[in-house]
Each structure stands twice: as structure tokens, then as C-alpha cells.
Amino acid sequence: MKPARYAASRQKVCHHCSSAKAKCDRKSGRCTRCVRRGLSCTYPQTSPTGDSTASAVADNSELCNSGPFSTPEGLLLNPQCESLANVGPHLTIEPMQPMGQDNSTDSSSTLADGAIQQDSVLDPYSHPSPTPDTLDFSALELFSPINVDQISNRWLHSYIPIPEQKVKDYPATVTAFIYRVLKSYVAVAIRGRGIPPFIHSSQIMASSIRPPLSTCLSLIRICERPLPGSQGVASDVLQREMSNIYERHRIDDRNYDDVTLLAAFQAYLIYSMALFFRLDQVSSPFLRQAMMNLQELACSSSRGGLMCTAEQQRSRPRWESWIVAEAKRRTLFTMYLFDSVLSAHDGLQTFLGTELRGLPASSNKSLWRAQTRREWEAAYNIDLADWPGGCFRIDELWPIPTDLHEHQVLERRNRADQWLENIDEFGTMLYAVTSCTHGG
């Protein structure tokens, strides 16, 4: 009787939890474990005959063998990564899989009754499960409210300061904080445990991922456990791919549409941080030139628009337009922080990014983590109602101007408090840095 009761109870759980012998809360739609792992979640439709388990295994096998990243050979055939043909034999590349696929062995999830499962602890860098909505990234209605050309010239400020530029006097503890946070961003990608918080989950869906980013998230895995003496080979591989991205953009920026250019910008930033944080290229001349190229890519990406037209009009934009605009802004903010870490390492002054004045600060977590169009639209309607005077801007985290009246100072602080109520870890990091360095 006991085996029969056990078999019947296992038929009530989803296929992934059943295969892993993991606890399943059997929530309607998707169970919590599958949501946190970005897996499709299906429940058996028939009585326990064994067919459902076989079907689930067959479906999972078919899914894992599909897609452009199912084998290293498929990655090597990518024209964006043709330079990998000369990679040494000591490096192993594990291809990145689009969201919705699971090739991990869940040996840690089978625990004794009453124990806390690892699945129940939310990873702060984990991305939400994929949205079933079809996304159309064409005809994005974006504009740039700032002078984006100043972004590409930012590296000059350390050598030729502009009189009105304000120097950021970083305490050693703040510099160390930024260093550790950015290092964790690239570590997440290198270990394959998620995506950095400046990449939206929709960008790595199989239907919408762009070649520069897909190649990056696969190629960056060679930095995880390089064998002794192979770090130089790994650095050469990343540098060649960075050169491919930049040259393709430099020769003709029409090689990239707006979404692909954003992916190129994000990939180039991840490569640069990997060289600095993981491959000990802190004094490399290539990295200094790469920062100039990175700021040029940032300028080109920003030229395509950093805000939705609807955002300026205080109406709801298309989800696709908002995703691109928000991801651009987050990537841009991350690049500025990385630039400050690199300048501090070189003993150069760091300046407040006044050219970013007027850009919206990072969005709240309800918008960024929305899994469906309907969920995002509902969250955006609430956000519009919460911010009748306009969205919270990044410069509202900067020093409070001395010419503001007392009621204006109070209003500004109230807006900052309201923004803090529902931000994610990326927004918390921005506030921690600016509150320590800008005195807001």
C-alpha cells in the first residue's frame, strides 16, 4: 500500500520536480521551484501509468537538443565567434542555454523531511521565468533627452578636466563596495548562475537573444576555472571577440539594429569587467583602449534612444520599447561605475556624470521582473498613478542644490523615500553609492 500511495502522490507534482525527486508546492500554472529556475512547468494529465514520466523525459531531451547553443560546436560555428578556432586545448566552453531549458543535476534538492531546501532561498541575481508573450522589438519609439556625444568623450575628463565638472571624492570603503558589487555581476555570468541586473530576462529568451550577447554568455564561461597558465589564452580569446564587436560597429554601425547594438554594448562591458576582475588584466593597455571603445559603443547605443516617447508624455509605452530603454539605462549606469573603479585604480580623478542629468533612475522591481505583458502593464499603470509629477530621475540622487527652498528639499527627499520602497538590488546599489559620494 505504501508504494501505491507514494506513486499517486508523485503523480500530483510537476514533471521537473518529479524527475529531480524534489518537493513541489503544486501551484497552479507553475510551481515555485520551476519559476525560480526558469523552467517550463507541466503537470501530468492522466492516471499514473508511467507514460507521463516517459513523455516528460522525451520532451526534455528534445528541448535540450534544440536551439543554437546546444553544443560547443554550434557555438564555434557562430560567425561572431570564429576566432575561437585557435583556442588552446586546455579551455572548455560550456554553451549558454536559452531560458526554459534545464541541464543541471539537482542532487541537492532531495533532502530529509523538515530540512530547508536550497531552492527556497531566492538568489538575488536570479532572473524570472520566461514570459510566454511574443515580443516584437521593431519600431521602438525611443528618444534621447541628453547630449549623448558627451558619453563618448568621458574618458578625456580625467586628463583634460572641464571647469564645471564636479570631482567625486570616493572614500576607500565606497570604492571597495563598488568593486565588490561589479565583480559579483560578472561572476554571475561566468558561473552561469544567472544574468547581471542590467540585462533584462527577455533579452536571453531563445526567440529574442542577439548574437553578441549569446556569444558572450557562452564564451565568458572559459573564465570560471582556467587551468594554471591558461589565463593569457582566455584573455586573448575575449580580446579577439571584443575587437570583432567593435570593428563591426566601427566599419558600419548599420550592422547592428538598436536591440543588437544594446547587446553588443552589454557584451563588451561584460568582457571588459571579466578582464579586470577575473583575468588580472588590471594594468593592460588593451583594457584602457577598451574603455574608450566601450564609451563609444555606449554613445552609439544611447543615440538610438534612452527613454520612451510615452515616458515623457506620462503615458504607458509598449513593453518592448520600455525593456530596451530600461536595459540601456542600467547598462549605462553600470559602465559609469566601472569607469570610476578603473580610474581609481589608475589614480585618476572621477567626475560626476552630469551629462546623464534628466534620465530616469532604475525602475522598480515590479516592472523589471514582470513575467508577462499583462503583469507589466498593470504594474506600469500603478507606477503612473504613484508618480503624477514625473518619474524619479537619476540626478535626484545627486547633491541637493543649495538654492532650493526648505519645502523643495523636503519634497525631493520624500520622492527618494518613495523610490526606495520598491526598488531591486540594482537600485539599492545605486542609492548606496550616491548617498555616500554625493551626500543626497
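Student: How many aromatic pairs does a search of the whole structure find?

Tutor: The search finds 13 aromatic pairs. Keep in mind that this is a predicted model.

Student: Take F277 and F338. What are the distance and angle in that pair?

Tutor: The ring centres of F277 and F338 are 5.9 Å apart and the planes are at 45°, which counts as tilted.

Student: Which helices do F277 and F338 lie in?

Tutor: F277 is in helix α10 and F338 in helix α13. They are 61 residues apart in sequence, so the pair ties together separate parts of the chain.

Student: Is F277 buried or exposed? And F338, buried or exposed?

Tutor: F277 is buried, at 6% relative accessibility. F338 is buried too, at 0%.

Student: Now W322 and W368. Why is that pair edge-to-face?

Tutor: Because the planes of W322 and W368 are at 65°, and over 60 degrees counts as edge-to-face. Their ring centres are 6.5 Å apart.

Student: Where in the chain are W322 and W368?

Tutor: W322 is in helix α13 and W368 in helix α14, which covers residues 365-368. The two are 46 residues apart, and the pair links distant parts of the chain. Both W322 and W368 are buried.

Student: Which residues do ring pairs link into a cluster with W322 and W368?

Tutor: The cluster holds W319, W322, W368, W376 and Y380.

Student: What lies over the face of W368?

Tutor: R330 does, at 4.0 Å from the ring centre.

Student: Change of topic. How many residues are in the largest nonpolar core?

Tutor: It has 78 residues. Those with the most contacts inside it are I151, L182, I220, L238, Y271, L332 and M335.

Student: Which elements give two or more residues to this core?

Tutor: Among them are α7 (172-191), α9 (231-251), α11 (285-303) and α13 (319-345). The largest share comes from α10, with 14 residues.

Student: What is L332 in contact with, leaving aside its neighbours within four places in sequence?

Tutor: L332 is in contact with I151, F265, A298, S302, L306, L356 and L359.

Student: Which residues does the second, separate core include?

Tutor: That core has 20 residues, including V259, L262, I323 and W376. As background, nonpolar side chains in soluble globular proteins tend to be buried together.

Student: How many residues of α8 are buried?

Tutor: Eight of the nine residues in α8 are buried, so by the under 20% cut-off the helix is mostly covered. The buried ones are P212, L213, S214, T215, C216, L217, S218 and L219.

Student: Back to α13. Is S321 buried or exposed?

Tutor: S321, which lies in helix α13, is buried, with a relative accessible area of 3%.

Student: What lies 3.5 Å from a polar atom of the S321 side chain?

Tutor: The backbone nitrogen of E141. Leaving aside neighbours within four places in sequence, S321 is in contact with L140, E141, L142 and C308.

Student: And the chain overall: how many helices and strands?

Tutor: There are 17 helices and four strands. Of the 440 residues in the chain, 50% are buried.

Student: What does the accessible surface come to?

Tutor: About 21000 Å², with 51% of it belonging to carbon and sulfur atoms.

Student: What share of the contacts with a separation of 6 or more is between residues 24 or more positions apart?

Tutor: Those residues account for 78% of such contacts in the chain.

Methods. Residues are numbered from 1 along each chain as its sequence is written. This is a predicted model: local features need pLDDT of at least 70, side-chain atom pairs count only at pLDDT 80 or more; totals for chains, interfaces and linings use all residues. Side-chain values use heavy atoms; hydrogens and water are left out. Buried means under 20% relative accessible area, exposed over 50%, partly exposed in between (1.4 Å probe, protein chains only). Contact means heavy atoms within 4.5 Å. Accessible areas come from the Shrake-Rupley method with a 1.4 Å probe; for residues, only the protein chains shown count as cover. A nonpolar core is a set of buried Ala, Val, Leu, Ile, Met, Phe, Trp, Tyr and Cys residues joined through side-chain atoms within 4.5 Å. Rings of Phe, Tyr and Trp (its six-membered ring) pair if their centres lie within 6.5 Å; planes under 30 degrees apart count as stacked, over 60 as edge-to-face and the rest as tilted. A charge sits over a ring if NZ of Lys or CZ of Arg is within 6 Å of the ring centre and within 35 degrees of the ring normal. A polar contact is a pair of N or O atoms within 3.5 Å; within protein, one must be able to donate a hydrogen and the other to accept it, and residues adjacent in sequence count only if both atoms are side-chain atoms.
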